Amino acid sequence: TTVHEPKFTAFDDNDQKPVGYGRMLRKEDPRLLRGRGRFTDDVQLPGMLHLAILRSPFAHARIVSVDTSAAEASPGVRLVVTGAMLAEKGLAWMPTLSNDVQAVLATDKVRFQGQEVAFVVATDRYAARDALELIDVEYDVLDPVIDVRRALEPDAPLIRDDLDGKTNNHCFDWETGDEAETEAVFASADVVVQEDIVYPRVHPAPMETCGAVADFDPVEGKLKLWSTTQAPHAHRTLYAIVAGLPEHKIQVIAPDIGGGFGNKVPIYPGYVCAIVGSLLTGKPVKWMEDRSENLISTGFARDYIMRGEIAATRDGRILAIRTNVLADHGAFNGTAAPVKYPAGFFGVFTGSYDIQAAYCKMTAVYTNKAPGGVAYACSFRITEAVYLVERIVDCLAHELGMDPAELRLKNFIRPEQFPYETKTGWVYDSGNYEPTMRLAMDIAGYAELRREQEAKRARGELMGIGIAFFTEAVGAGPRKNMDILGLGMADGCELRVHPTGKAVVRLSVKTQGQGHETTFAQIVAEEIGIPPADIEVVHGDTDNTPFGLGTYGSRSTPVSGAAAALVARKVRDKAQLIASAMLEVTVADLDWVKGAFQVKGDPGKSVTIQQIAMRAHGAGDLPDGMEGGLEAQICYNPSNLTYPHGAYICVVDVDPGTAQVKVRRFIAVDDCGTRINPMIIEGQIHGGLTDGVGMALMEMIAFDEDGNCLGASLMDYLIPTSLEVPDWETGYTVTPSPHHPIGAKGVGESATVGSPPAIVNAVVDALKPFGVRHADMPLTPSRVWDAMRGQATPP
Ligand code: MCN
Ligand code: CUN
């Protein structure tokens, strides 16, 4: 099916909402919109103390001494802790999610500006912050390594001298595809195009910064931790391993979260400090970072320097793609990706095209910058992969003098080729690319836009049309290939139907704004016919939900969504047995009509799911051997990822006098398989497209040569508002996933993945009269101005 949704669509009122899938107002909104949300910073406990962190002003420096005496004497201060004190307890270092270690508090050296050096616990936030200024740290400043290329020079200062035997700043090497085969195809190709493409360091900057409240009860021996986490169960197990506490003595609660965008996947030193603070004071301790702390010290995104090469025939048949990547991982490898995938899912850089060979070689290095890398709606680095392939395909179109839409249409994987195994070993489950592309072109009025552009060019006006077509791989596991520190990427789900037919579904994933309280109720409703309003979603509390790996990589719908559908089917199967006893017919004689079982051919004889629920708990007889109750539990291990796709078209106008870029139109056609709640999907797309405008035109975390972060506030790190973005024009196609129980694919990161290349392709297209083939993000007026004058802006 292909449908063009109107720009403005009304949604059904909650009272008349359809059961199951469809547009439905979010169940969480009455709470959130009326200020009744409960975020980590809203947690208030009796006797609670407040924690503040002293951070390094330098990117690279040896710690000579730390004097905390004045801070300890400051009013309200209860505790001051340094790295040396943590080292005595064996807690100065903690494991990262990618088998590296990271300092909780620096002991020997500081390795990036903003690194945690000491913390103060005091009676209020102000007393804690004031005391930070009284801590006297003597630093011996060292030369920092800021440029990723400098990191590999033999005489570059050594950053990770804490690692045994380490003599350079090399972090890891990684490769995928067949080098020799790819070389052979390149050697015999008619046309080879090469371009150096940088995806700069950016930051997810969620509205709510990171924080935690730790409450250790010394009598029970139990730690309760409220924290801004996208993966409560994974965090709990890691705390258990590090702290030596059993998991049942740790309860991780992720309350309402004000945006995560991957920023809330890693375990940050601040969380550990809050736990230590509570252990040492015997009081609850709250830590909330401020905006600058969030921007300078928490998980960044991207920072890939990529050399892209593409080989093709003269008539535009793409043969091979090759890339060489220099990856900046900062001071510690704190990437949150499945362990066997150190570069995340960058391996899908072959995009949506049927090609003969592909190869990628990557070198990752340490630099004196904050750790992170996998964040900002990246689908595990698919943002970088899609940017690379969609930019290099446009470079090829430029060289061949071919229309970029035509070039893409000519090379798409064809529908009959699915499931399609790429040259780097990814099995795309399903796809039908051409209709998606044609729909985007129809909505855009592509041919007419090209005519308009030609007329404008003749008048010296700069208008650009950019296309990006993407395929994503989302929904990690299966657990045999994918794990985080040994924890397999599968998800549990539990469903209980109460006697009156109301239900509770417990999830291991956790929303940060994606609307899970609504959509997971809809999935269950669709399967067992109980209205979504009668289904409560419980999540974000390890004591009250089954184990699972959490929300990131748009895996909630592909993995937990499948679990929710299957657990509901399990309940329905039991309900059917009960119905057959109630109606005195065999199971085979029953039809399921949403919400009730009906005797075949006799619609008058039926029982509703609510009647069945009462019987399951009630006084009457149940079939022989059946236990009472109506509930089930499942752990879903996906057989493959899901592969959503989309076609994006962007129209920009560039002011020839000021080089200012205006995004005039943006058309996004997405295919995420079966659509659970179209309104929520649109919200996800609108948000991701806005992110794309930010990354393409405004956002960059830059550093000066001393390693000072130049994007430490929202005055310097620019994020877009409604003023910078157009009215989004969306459409969709539906190609269900064949292996997902309801055919749904993930969508939460699609727009962030697909929009930056569409916007950059549009700007570069606008600059075609200047002979420009590539310019690096963010395309600020000064960069566009330089590009128009044939100058590359230094990174
Ligand atoms: N959905 C649907 N039909 C589909 C697919 C999804 O109705 N076929 C709905 C889902 O039910 C869910 C939402 O769309 O309510 C997103 O689902 P999914 O694609 O499974 O993604 P996740 O729920 O796993 O969300 C994670 C994803 C990631 S990794 C980032 S980063 C990101 C994103 O979501 N962070 C966000 N979108 C965000 N949106 C908000 N508001 N806040 C964030 O922090
Ligand atoms: Cu890469 S950001 Mo999301 O996967 O949480």
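Select ligand 1 and V747. An oxygen atom of the ligand sits 2.6 Å from a polar backbone atom of V747, a polar contact being a pair of N or O atoms within 3.5 Å. This is a predicted model, where local features need pLDDT of at least 70, side-chain atom pairs count only at pLDDT 80 or more, and totals for chains, interfaces and linings use all residues. Residues are numbered from 1 along each chain as written, chains are lettered from A and ligands numbered from 1 in the order written, and side-chain values use heavy atoms, without hydrogens and water.

At F261, a backbone N or O atom lies 3.0 Å from an oxygen of ligand 1. Taken alone, ligand 1 exposes 830 Å², and the protein buries 95% of that (Shrake-Rupley areas, 1.4 Å probe).

Now show the shell (residues with a heavy atom within 4 Å). It holds 33 residues, with G260, Q514, H516, T557 and V747 the closest. By class, 10 are nonpolar, 19 polar and 4 charged; Gly counts as polar. Helix 14, helix 15 and helix 17 (678–697) each supply at least two of the shell residues (helices are DSSP runs of H or I, at least four residues).

Next, color helix 14 (516–528) and helix 15 (556–583). Their axes are 8 Å apart, at about 35° (lines fitted to C-alpha atoms over the stretch in contact, angles from 0 to 180 degrees between N-to-C directions). Show side chains in the interface (heavy atoms within 4.5 Å). Helix 14 brings F520 and I523, among others, to meet residues including A564 and R569 of helix 15. The contact residues divide into 7 nonpolar, 4 polar and 3 charged.

Key:
Polar contact = N/O pair within 3.5 Å; in protein donor to acceptor, adjacent residues only side chain to side chain.
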